[in-house]
Every structure is written in C-alpha cells, then in structure tokens.
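Keep the structure open beside you as you read.

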Amino acid sequence: MYQWRKFDFFEEKKIKIPEEIEGGIQCCSSGRGRIVLGSQDGTVSLLDRTLQLHRSFPAHSASVLLLQQLKQRNFLVTVGEDEQMPPQQAAVCLKVFDLDKRQEEESSSSSPECLQILRIFTNQFPEAKITSFVVFEEAPPIIFIALGLDNGCIYCIQGDIARERIKRFKLEVDSGQPGKTKSAITGLGFRVDGQAFQLFAVTSSSVSLFNLHAQTPTGQTLDHIGSETASVAMSDRLELIIGRPEAVYFYEVDGRGPCWAFEGEKKFLGWFRGYLLCVIADQRTGKNTFNIYDLKNRLIAHSIAVQEVSHMLCEWGTIVLIMADKSALFIVEKDMESKLDLLFKKNLYTVAINLVQSQQADAVATAEVLRKYGDHLYSKQDYDEAMAQYILTIGHLEPSYVIQKFLDAQRIYNLTNYLEKLHEKGLASKDHTTLLLNCYTKLKDVDKLDLFIKSEDEHKFDVETAIRVCRAANYHEHAMYVAKKSGKHEWYLKILLEDLDRYDEALQYINSLDPSQAGLTVEEYGKILVEHKPKETIQILMRLCTEEGESAKGGTFITMLPSPVDFLNIFVHHPQSLMEFLEKYTNKVKDSPAQVEIHNTLMELYLSHDLDFPSLSQTGSNENGDLGTNRGSNAAATTSRTVSNGNVLSDDANEEKYRKERRRKGLILLKNAWPAEQEQPLYDVDLAIILCEMNSFKEGLLYLYEKLKLYKEVIACYMQAHDHEGLIACCKRLGDSGKGGDPSLWADLLKYFGELGEDCSKEVKEVLTYIERDDMLPPIIVLQTLSRNPCLTLSVIKDYIARKLEKESKLIDEDRIAIEKYQEETSTMRKEIQDLRTNARIFQLSKCTACTFTLDLPAVHFMCMHSFHQRCLGDNEKECPECAPEYRSVLETKRNLEQNSKTQDYFFQQVRSSKNGFSVIAEYFGKGIISKTNKGSSEAVKPTNDYSNGSF
C-alpha cells in the first residue's frame with residue numbers, strides 16, 4: 001500500500017462548528033442535505049451546507065447516545081438517556097422525531113413533533129451497553145432498527161414505530177468457543193439484495209451474518225476473527241469492510257473476500273464513490289492520517305495529516321471530518337478535467353486512462369485521454385503502441401486524424417491494422433474501404449485480402465466500393481466473390497461479361513437467380529449476351545416470360561410475369577433474334593397482357609424491307625433511348641446482311657425469298673390477330689396500315705381495308721395498280737347490297753373508267769350490266785361520265801340506252817293510265833260532294849244494317865246510306881259503325897304523314913337511301929305532306945285540302 005502513487009485528487013476546506021453548540025459531540029449523522037449532531041447535554045443540532053446552525057432542540061433530558069437521519073422520510077431516530085424520578089437514574093429510550101412538524105410554531109428553536117418513545121430495555125430485553133446502532137428503511141412506514149450490545153446480543157425493532165405496531169426480537173452472536181464470554185458488538189451493517197435481507201454483525205472475535213427475511217432469523221459465522229474497534233463500514237457493492245491493524249478486509253455472504261494490507265490502527269472506515277476512506281493512527285509517531293484509496297487503480301487519491309477525528313460523514317458529495325476540537329474538515333473531489341491535467345503534466349497517461357475508465361466517465365472523455373496518450377507515443381516514434389491507443393478511440397475520434405498521421409509516416413502496416421479495426425466495428429466509410437484495399441494490393445498481401453473479402457461474417461464495409469477497388473486492381477475473383485455474396489448481381493455479371501468474357505458462366509448465373517432478379521440483370525446486360533449467345537439468351541427470356549415447366553394459363557399468373565416488351569431494347573442490333581424470340585413467345589402464350597405491343601413489333605419486323613429494328617411501334621412507349629439508334633447501320637447491311645444466328649444471305653434471290661416469307665408471316669399475323677368475333681384486332685390498326693403503305697404490302701392493305709369496311713380504299717388500291725379484272729371482281733364481292741356491300745362502288749368504278757383515257761369497252765359493258773340491274777344511276781349521269789373518255793364509242797352504251805328508253809316509256813304509259821284513273825275518281829268524288837251539299841238524300845232502307853230486322857222508330861240514318869235502330873247504336877250516335885274503321889284508318893294515315901313531315905331527318909334519310917331521290921320528293925308532294933310556304937315565314941303551312949276533315 002505504501003508503494004502506491006499519491007495524488008492530490010481532493011482539496012480541503014476547514015470550517016468551524018458554530019459556538020452555539022455546547023457540550024461535547026456525542027454522535028452525528030447526515031442525510032437530506034443536512035448534518036445532525038447529538039450532544040452530551042441531550043441537544044440535537046441541525047447544520048446546513050455551510051455548517052451554520054439551522055435548528056436545535058432538546059431530544060433527551062440527559063444525553064444523546066446515538067442518532068440516525070432517515071433518507072426516505074424526514075425522520076430522526078435517536079437513542080439517549082432521560083432522567084427518571086424516582087429513582088434518580090437515567091433510562092435509555094428510543095425516540096422518533098418528525099422534523100417536518102413542530103410542537104410550537106412561535107419559537108424558531110421549538111422541538112419537532114416526537115412521534116414515538118420506546119423503552120429499549122425491558123424484562124425480556126435486559127439492559128446492557130449499546131455499542132453499535134443502525135437503522136434500515138424498509139417500505140414506508142416500516143423501519144428496522146438494530147442495536148448492538150456489549151454482551152454480544154443484538155436487539156431488533158421492526159415495524160411502524162410511530163403507531164407502535166412493532167415486533168421485537170433478539171439475535172445472539174455465536175462466539176465460536178464454548179464457555180468463552182461473548183464479545184461486544186463492534187459493528188453492524190444491513191445487506192439488501194433482491195429478496196435477501198441480511199445483517200452483518202462484527203465482534204472482536206467473529207464476523208456473523210443473519211438472514212432476516214426468514215420467519216425465524218438464522219445466523220452463520222463468516223470468520224472467527226473480528227475487530228476490536230468500531231472501524232466497520234459497508235461498500236456500495238454490499239460488502240462488509242472491517243479494519244484491523246494489519247489490513248482492511250472485505251466480506252461477502254459466503255465469507256471473507258479480498259483484503260488490502262497496510263499497517264496502522266484504523267480508527268474510522270468509510271466508503272465514498274468507490275473510494276475507501278481510512279483514518280489511520282500511527283502507533284510510533286502518534287499522528288493521524290486520513291487517506292483516500294482508489295482500490296481499483298491502486299493509488300492513493302488523497303492523503304492528509306489530521307488531528308484527532310471524532311466522526312466521519314459523507315454528504316453533499318463531500319467528505320466531512322468532525323474533529324475533537326469542534327472543527328470540521330470538508331474534503332471535496334476535484335473535477336475530472338483537473339485530475340487529468342495533473343496526470344498529463346506528469347505524463348502518467350496509463351493512470352489517466354485507468355482513472356477515467358474506473359470512474360465511468362463518458363466515452364468521449366476516455367477517447368480524448370487515449371488520443372493524448374497516442375500522440376505522446378507517436379511523438380516518441382513508438383508507432384505500434386501509439387496505434388494501439390488510437391484503435392481504442394475508434395467510434396469517438398475522427399479516423400482522418402489517425403490516417404493522416406500514418407500516411408505521413410509511411411507506416412502502411414499500422415495504417416492497415418487501424419483500417420481493419422475500423423471495418424470490424426462497422427464504422428468504415430467508402431473511402432476507408434478503398435484505402436484498406438489499396439493497402440492490401442500495394443502490400444500484395446493476398447492472404448489478408450482473402451480474409452477481409454471472404455470472411456464468413458457479415459460484410460462490415462461498403463460492398464460496391466470493395467468491388468470497384470478489387471476490379472480496378474485486377475482482383476476479379478475477389479470482386480466477384482463479394483458481389484455474389486452480397487447479392488450485387490449486376491456487378492457480378494459486369495465483371496464476367498466486360499472483364500472476363502465468360503458468357504456461359506454469366507448465363508448459368510442468371511439462370512440460378514430468382515425471376516425478378518434475373519429479369520433486371522437481363523435488361524442490363526442482355527445486349528452483350530444477345531450478341532455472343534443469342535440462342536441461350538432467348539431460352540432464358542422464354543423461361544422468365546413464360547415460366548416453362550409451370551402452368552401459365554391463369555390470367556393472374558401471366559400478369560405477374562415480365563413482359564417481352566421489357567426486353568426489346570436488348571435486341572437493338574439483332575432484329576432477327578428479336579423476331580425468333582417473339583415468335584416463340586406468341587406460339588406458347590396466347591393471352592399475354594402485352595400481346596398488342598408484341599404483335600405490333602412482330603408486324604414491323606415481318607413487313608420491314610430490310611428487317612430493321614422496330615421503331616414505330618415503340619415510339620413514346622419505351623424509355624430506353626437505344627431503341628432508335630443505329631438504324632442506319634442496319635439499313636446499310638442490305639446487300640450482305642448478316643443475321644444474328646450466323647447465316648449469311650448474300651444474293652438477291654435469297655434476300656427476296658426471305659422477304660416474301662416474312663410478308664407471308666405478316667399476313668398470317670394480320671388475319672389471326674383479328675378474330676371474327678372481335679370488333680378490334682390484337683394490334684394497332686393505324687400502325688398496321690402505315691407499315692403496309694410504307695413497305696408497299698398490298699395484300700395487307702386490302703385485308704385491313706376490307707375488315708374496316710373501307711371499300712372505296714380497297715378499290716382505290718386496284719385502281720392504283722390498274723388491275724381491271726381484280727377491280728371488277730372486288731366490286732362484285734363488295735358492291736352487293738344484299739350481302740352488306742356498298743352499291744356506290746359501281747358508280748366509282750364507272751367514273752374511273754370514264755376518266756381512264758384508254759379503251760376499256762369490255763369492262764364498261766360489264767359495269768353497265770350491274771348498274772342497270774340495280775338501277776343505281778340515271779342514264780344521263782352514265783352518259784356524262786363516260787363521255788369524258790375519248791376512247792369509248794357510242795356503241796358501248798347503245799344497247800344500254802335503248803333498254804333504258806324502252807323501260808322509261810313503259811313507265812310513262814303506266815303513269816299516264818294511273819293519272820287518268822285518279823282524275824276520274826276525283827271528278828266523281830267532287831260531284832258526290834256537291835250533290836251532298838245541294839240535294840236532299842232519300843233513305844229507303846227498311847232493315848237495320850246492324851241487326852237486319854225491320855227498321856222501326858226511333859231510327860238513325862247516316863249520309864253513307866246506312867240506317868240503324870237507335871238501340872243498336874248504343875251511345876255512339878255520331879258515326880256509322882260500318883264506315884268508322886275505314887275512316888279512322890284514313891285519319892291515322894294522314895296524321896302519320898303530317899308527323900313525318902315535321903321529322904326532317906327521316907325525310908332526308910329516305911332521299912339518301914333511295915335509288916331515285918326525286919321520286920321520294922314527288923311522293924311527299926303527292927301526299928300533301930310538303931305544302932307551299934307563306935311569305936315571310938320559313939315554316940310549312942298546314943294542308944288546306946277541303947276533304948281533310950273527312951266530313952260526310
């Protein structure tokens with residue numbers, strides 16, 4: 001102990017105890033921010049932090065022997081002597097004071113309220129000298145008081161003393177030797193650990209431990225050597241500390257623990273913040289020394305020669321020594337910064353490190369001490385040891401501070417060690433990883449590189465940085481290992497394809513990935529794979545897009561798979577491979593969600609003159625800018641075109657044959673992708689028409705126009721090709737109105753021949769046959785149309801005109817006969833009306849028209865010459881039952897005609913749909929629907945026929 005270093009980590013301050021405190025100080029205690037002194041005259045004094053008298057009151061009439069300030073409640077427990085009358089002797093009693101309550105409010109020195117007074121000694125508990133005293137606060141209001149006596153007994157009082165709900169019991173310390181007188185109790189100490197509630201008891205000849213949590217307390221002897229003096233204390237680790245002349249001993253529940261050997265009589269022992277406090281008396285010189293020991297760091301934190309000490313306390317984070325001359329010595333610990341400055345001045349960095357670690361300083365303060373120690377060693381060129389200290393600062397010291405030092409010193413081995421530790425703790429940045437790997441590569445230390453890269457633990461470095469550095473240093477295998485282990489598939493494939501040209505291995509790796517990852521990697525590196533391994537790449541794409549080997553019929557499942565459209569960009573330079581891929585896909589999957597886009601792309605490939613990469617169908621629908629690039633390079637390869645599968649078509653014959661085959665496939669696609677039961681095809685019709693026109697694909701155009709019912713565009717194609725035979729055949733097929741065709745095609749055809757400018761008599765005669773059959777054009781229009789062709793003679797239409805004139809003559813004769821008939825009927829009706837208006841009618845019917853019985857009165861005669869019994873008519877006497885239905889039918893027809901005259905759309909629709917619109921207009925005039933208009937009015941005047949009312 002005497003060889004330990006001594007330091008001044010504490011500072012002293014001497015304060016005088018107030019003179020108001022008279023008599024000798026018998027006992028003292030501390031707690032709740034105050035010091036309590038018990039005097040021999042029975043007075044208790046309360047001192048504040050400056051040792052000013054805060055309050056005093058008489059606790060006992062004779063003297064205060066012992067006292068204890070409670071921590072949880074502001075209670076004071078005292079043991080003292082009170083005089084009795086009679087007889088004239090003092091009785092020892094225990095009192096409990098509530099310091100928050102006073103008996104008298106007027107006086108500042110009034111006594112606090114005494115909650116309870118207990119006589120300690122009774123018949124069951126014989127009187128003896130009290131040698132030690134401890135109080136333990138259980139759950140309020142329960143307290144446990146232990147009184148050690150000189151006869152080796154311990155009197156215990158437990159319970160709510162204020163309400164006198166207590167129990168008393170006695171513990172006896174076993175001396176260990178039969179017949180030997182029991183020794184006095186020199187020290188007591190409570191130990192509470194979880195449910196364990198124990199009491200240490202020390203005598204001059206033994207150390208005992210009592211278990212108080214049991215129903216019946218039990219005791220055991222821990223040691224047969226005790227302490228003669230009251231130098232007993234408890235550590236914060238619940239250890240009992242005993243001071244003997246030869247050493248200081250620590251006891252735990254299982255017996256004696258460590259001991260610290262040093263000479264001298266220990267008058268007082270204490271424990272303060274991990275420090276051991278000792279007041280030691282030197283027997284040779286008679287002087288007292290107060291030492292503060294740091295047992296963990298094996299140093300003396302403070303040492304001072306003192307006068308005779310009567311009591312030792314700890315309060316306010318301060319050690320207080322009460323002297324026999326009524327003075328007090330305050331010993332205060334210096335702050336950590338001051339202690340460290342003291343050690344740094346002496347270059348005692350090891351002590352400083354141990355000090356901050358033992359006092360549980362924050363990590364930043366510890367790292368600062370380690371940094372200074374490292375700087376000190378670095379200045380002495382002890383680089384290895386300096387680096388050892390810097391490594392301990394990782395996580396708190398900026399790594400660049402250390403790295404810069406060792407870059408300057410060219411200590412690459414130490415720098416490597418530091419960077420390794422930095423990565424182990426997961427605090428390395430990308431730059432640190434780069435630097436460490438560069439160190440490995442410069443040292444050519446493949447073993448360490450393997451250990452760092454191929455560690456089985458989780459990577460504690462930036463993966464992409466490690467891959468990039470290893471790749472740049474040509475450590476491709478290491479880079480691939482890291483990429484594969486960390487799931488960086490794109491880096492793994494980049495190295496395989498761009499650096500090592502190992503295409504087969506790359507394809508195998510892609511096959512091993514799950515579909516989502518495989519799809520992403522193919523999108524990224526598919527161009528290279530298609531260029532070198534087209535067939536294998538197409539197989540992978542088929543597996544991704546169709547999941548070969550699994551059912552792909554469910555619509556939900558199909559929508560979860562990647563679409564072939566996502567991979568079009570990888571075929572930017574290889575349209576032949578793209579065509580093969582899409583053909584395989586469409587043959588396998590019939591209901592793909594992207595079938596419109598797929599058919600559009602296939603169609604462009606089929607119809608393209610030079611098998612160029614699709615562009616129209618992908619405009620605006622693909623974000624990859626590569627789709628529209630390098631079109632010129634593909635077009636330039638027309639004469640000696642090399643397709644992706646290696647077959648070379650060099651001559652024009654094979655080229656033309658290949659083009660025809662593709663167009664045949666294109667026509668099949670146009671037809672198959674437009675089922676008869678669907679209104680819209682499974683491709684973009686507008687795009688298909690544009691492609692057919694751009695590539696002069698007549699068959700495709702004709703099919704699309706017919707499906708879209710654009711019959712005029714169909715015959716325009718034949719006209720443009722001067723295919724007269726095909727043109728007439730097309731009109732026969734599409735101009736039949738009975739089959740849903742457009743008869744006006746014949747008129748367009750006649751107009752075409754009229755403007756042709758060459759002899760086409762045969763064709764014109766055939767056309768006139770169909771025009772005459774369906775009566776589509778008036779003869780005058782036919783003559784005007786054909787007159788524009790100077791190569792046609794009148795003989796072409798001679799027979800047609802003769803037949804038309806004959807037919808027209810017959811119609812005129814029929815119309816003339818009908819007119820004469822109608823005029824005769826009209827004249828007859830007018831005469832009859834005039835006769836009804838001017839002449840009387842004689843009714844000569846003798847029978848009822850309804851019942852055929854003889855007509856008798858009352859009878860009703862109608863102007864239509866029908867007569868009825870009145871009883872046969874019933875309620876309807878205003879119209880003839882025989883003529884009324886016919887009359888109503890005429891009125892209903894007239895009403896409908898008038899209603900139709902107001903619906904102009906229906907009229908014009910009839911005019912447009914009729915072969916002869918003039919006949920429709922004439923019919924409307926004949927029925928009186930269209931009448932003259934009034935001047936200044938745009939609305940039609942209602943019919944003014946005299947017979948419109950139908951009166952009889």
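In this predicted model, strand β24 (residues 275-281) is largely enclosed by the rest of the structure, because 7 of its 7 residues are buried. Both faces of β24 share in this: Tyr275, Leu277, Val279 and Ala281 point one way, Leu276, Cys278 and Ile280 point the other way, and all are buried. In a regular strand the side chains alternate between the two faces of the sheet.

Which strands pair with β24? On one hand there is β23 (residues 265-272), which runs antiparallel to β24 and is joined to it by 7 bridges; here Phe268 stands opposite Val279. Strand β25 (residues 288-294) is also antiparallel to β24, with 6 bridges between the two, and in this pairing Ile280 faces Thr289.

Strand β15 (residues 185-193) is mostly covered, with 7 of its 9 residues buried. Leu188 has Ala201 of β16 as its bridge partner.

| Hairpin | Residues between the strands | Residue with positive phi |
|---|---|---|
| β15 and β16 | 2 residues | Gly194, near 70° |
| β23 and β24 | 2 residues | Arg273, about 50° |
| β24 and β25 | 6 residues | Gly286, about 75° |

In soluble globular proteins, nonpolar side chains tend to be buried together. The largest core here has 161 residues, and Phe290, Leu321 and Leu670 have the most contacts inside it. Apart from that core lies another, of 24 residues, which includes Leu118, Ala128, Leu147 and Ile161. Beyond its neighbours within four places in sequence, Leu321 touches Phe290, Val306, Val309, His311, Met312, Ser327, Ala328, Leu329 and Ile331.

What about the cysteines? A search of the whole structure turns up 0 disulfides. Cys156 counts as buried because its relative accessibility is 1%, whereas Cys259 counts as partly exposed because its value is 42%.

Next, a loop residue. Arg73 sits in the loop between β7 (63-69) and β8 (75-84). Which residues does Arg73 contact, leaving aside its neighbours within four places in sequence? They are Arg32, Glu137, Pro140, Pro141, Ile142 and Ile143. Arg73 and Leu99 are 26 residues apart in sequence, and their C-alpha atoms are 9.2 Å apart in space.

Finally, two helices. Helix α3 (residues 363-379) has 17 residues and spans 24 Å from its first C-alpha to its last, close to the 24 Å expected at 1.5 Å a residue. Its buried residues include Thr366, Val369, Leu370, Tyr373 and Leu377. Just after α3, Gln381 takes a positive phi of about 60°.

Helix α6 (residues 412-424) holds Thr416. Is Thr416 buried or exposed? Thr416 counts as buried because its relative accessible area is 2%. A polar atom of the Thr416 side chain lies 2.7 Å from the backbone oxygen of Ile412. Leaving aside neighbours within four places in sequence, Thr416 is in contact with Leu436, Cys439, Tyr440 and Leu443.

Notes:
Residues are numbered from 1 along each chain as its sequence is written. This is a predicted model: local features need pLDDT of at least 70, side-chain atom pairs count only at pLDDT 80 or more; totals for chains, interfaces and linings use all residues. Side-chain values use heavy atoms; hydrogens and water are left out. Helices (H or I, at least four residues) and strands (E, at least two) are DSSP runs, numbered from the N terminus. The expected span of a helix is 1.5 Å times one less than its number of residues. Buried means under 20% relative accessible area, exposed over 50%, partly exposed in between (1.4 Å probe, protein chains only). A polar contact is a pair of N or O atoms within 3.5 Å; within protein, one must be able to donate a hydrogen and the other to accept it, and residues adjacent in sequence count only if both atoms are side-chain atoms. Contact means heavy atoms within 4.5 Å. A disulfide is a pair of cysteine sulfur atoms within 2.5 Å. A nonpolar core is a set of buried Ala, Val, Leu, Ile, Met, Phe, Trp, Tyr and Cys residues joined through side-chain atoms within 4.5 Å. Two strands pair if DSSP finds at least two bridges between them.
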